[in-house]
Amino acid sequence: MKIFIKRILFSNFVLRLLQIFDVRMENRMTELGMIAQAFQFKEINQVEGDYFEFGLYRGKTFIYAHRMLKRYGSANVILRGFDSFDGLPPHKDYEDNIWKEGQFACTENEFRKILLANGVLDNCVELVKGFFSESLTSQLKASLSGVTAAIVYIDCDLYESTRDVLNFIEKFIINGTIVCFDDFYSNRGDPDQGESRALTDFLEINPQVKFIPYFDYSPVGKSFIVRRLV
């Protein structure tokens, strides 16, 4: 009997539950907590605009954004999702790179099924398919004339992809936009790689935009509040 109890207590399932409870007791903000924080910030500060997410995988954060949209009654907000649905693109292998081509693939059809299973309906969702270097075009920008971004969630992992996303969203970010980088401290925290480097390069060529540090979240995420000088 004692051996049976020990097997249960030290099973992977129980150990995983203990890990989850331990993290919650530490009051560590997860990516879902960050999204909740961003939506509440949006409500308190009356920041008008949609939710943009780049890098969707199987929809964990996108679905949670939908839940927050309903909680705060943002009836006119569109959830805009951008993904290749083929996983990560080919990319340069930097010194501390941990990503692989094709990683995080999930077909668009499967993704839509996941959304539907979680109560996310098409009437509040717009998806753009393709690698960001190909899909984030000037034509797409023009088609979104008048749209603003209240919250931008960037989960691109790679420098090149994040660079393309930042160049695209410059048109849509306004005073009070929350921009979240899911992997800001990846690459062992090297500021010359990944999402961190992409932000540095973006700010150098866009001095009219300021990113005010907001929250560090999850093991490697970081968020900012946007202020525009013009």
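Author: Start with a right-handed β-α-β unit: strand 4, helix 8 and strand 5 make it up. The model is predicted, so keep that in mind. Strand 4 covers residues 149–154. Helix 8 covers residues 159–169. Strand 5 covers residues 173–181.

Take the strand 4 side of strand 5. These two strands run parallel, and five bridges join them.

Now turn to strand 7, residues 221–228. Strand 5 pairs with strand 7 too, but here the two run antiparallel. Four bridges join them. Look for I178 here. I178 stands opposite I225 in strand 7.

How buried is strand 5? A residue counts as buried when its relative accessible area is under 20%. Seven of the nine residues of strand 5 are buried, so the strand is largely enclosed by the rest of the structure.

Follow the chain to the loop between strand 6 (209–217) and strand 7. S218 lies in this loop. S218 is not a glycine, yet its phi is positive, about 50°.

Q46 also has a positive phi of about 50°, although Q46 is not a glycine. Find Q46 in the loop between helix 3 (31–44) and strand 1 (50–54). Its relative accessibility is 65%. The cut-off for exposed is over 50%, so Q46 counts as exposed.

Definitions and conventions:
Residues numbered from 1 in each chain as written. Predicted model: local features only at pLDDT ≥ 70, side-chain atom pairs only at ≥ 80, totals over all residues. Heavy atoms only, no water. Buried < 20%, exposed > 50% of the residue type's maximum accessible area, 1.4 Å probe, protein only. Pairing = 2+ DSSP bridges. Right-handed = clockwise from strand over helix to strand, strands pointing away.
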